[in-house]
Amino acid sequence: MTTGQLPAVCRLADAELGKGYLSEADLLRTELQTLVASDSGSVIGFITCEIVTTSILRQQAGKLFNVLPAEFQLAGRLGKIGSLVVEKSRQQQGIGTCLLSAALEELARSVQRVFLLGWRSAKGTNVQPLARKLGFEQVAVIRNYWQEASQQQGYACPVCGAPPCHCSAVIFCKVL
Ligand SMILES: CC(C)(COP(=O)(O)OP(=O)(O)OC[C@H]1O[C@@H](n2cnc3c(N)ncnc32)[C@H](O)[C@@H]1OP(=O)(O)O)[C@@H](O)C(=O)NCCC(=O)NCCS
């Protein structure tokens with residue numbers, strides 16, 4: 001992602017994940033890599049990925065750490081796929097598949113195990129067919145995963161509306 005693409009990535013995140021869910025500051029974190037899909041200079045999708053250490057994950061996201069398979073908990077470092085969004089009018093055209101494949105390729109340079117945080121709303125788990133197609137296995141569902149964050153950050157989930165968000169996180173894992 002270039003600095004010039006940052007506002008468009010934020011707009012896309014606001015529209016599909018909830019206004020304020022991902023801020024410019026979140027996207028500028030040095031550990032985070034954001035890969036962008038564009039067409040004629042316009043941003044039409046993005047994915048975020050990063051390498052996380054299992055010790056930090058255990059401290060900062062215990063709920064998530066606890067549901068990972070033992071071999072992931074003991075791995076030392078893991079790849080994390082956080083957000084994946086494709087502009088509505090461009091969905092179902094293979095762009096999400098390209099973005100997720102590119103992120104896996106990037107993570108494979110540093111780690112052997114990757115997890116993906118899928119979003120399950122009352123409307124379903126959009127990323128599920130894509131995750132399964134690329135070899136991820138579903139390992140757990142954590143209910144009300146974004147409840148606290150939605151209240152603290154004050155963002156409105158596109159499905160639940162005003163906070164609190166009652167969506168679940170579906171945790172998918174893949175060994176590269
Ligand atoms: C999930 C998302 C990124 C998929 O992107 P996409 O570009 O449409 O995905 P692709 O075209 O590569 O499709 C991949 C597979 O998922 C299926 N699929 C795509 N969107 C789907 C949806 N909303 N519901 C169910 N299945 C879907 C496709 O049929 C395809 O399967 P196939 O190759 O066997 O036909 C996109 O729907 C999106 O941005 N949704 C809103 C935000 C969101 O939910 N992000 C996920 C957060 S974890």
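Visitor: How many helices and strands are in the protein chain?
Guide: The protein chain has 8 helices and 7 strands, taken as DSSP runs numbered from the N terminus (helices H or I, at least four residues; strands E, at least two). This is a predicted model: local features need pLDDT of at least 70, side-chain atom pairs count only at pLDDT 80 or more, and totals for chains, interfaces and linings use all residues. Residues are numbered from 1 along each chain as its sequence is written.

Visitor: And why is the chain called as compact as a globular protein of that length?
Guide: Because its radius of gyration is 15 Å, close to the 16 Å that the globule rule gives for 176 residues. The radius is taken over C-alpha atoms, and the rule is 2.2 Å times the number of residues to the power 0.38.

Visitor: Switching to the ligand, which residues come nearest?
Guide: Gln91, Gly96, Thr97, Asn126 and Pro129, of the 18 residues around the ligand. A residue is near if its C-beta atom, placed from the backbone, lies within 6 Å.

Visitor: Which elements give two or more residues to that shell?
Guide: Those are β3 (77-86), α6 (95-107), β4 (113-121) and α7 (128-133).

Visitor: Now Val159. Where is Val159 found?
Guide: Val159 is in the loop between α8 (147-153) and β7 (168-175).

Visitor: Why does Val159 count as partly exposed?
Guide: Because Val159 has 15 other C-beta atoms within 10 Å; 20 or more would be buried, 12 or fewer exposed, with C-beta atoms placed from the backbone.

Visitor: What is the separation between the C-alpha atoms of Val159 and Gly18?
Guide: 8.6 Å, with the two residues 141 apart along the chain.
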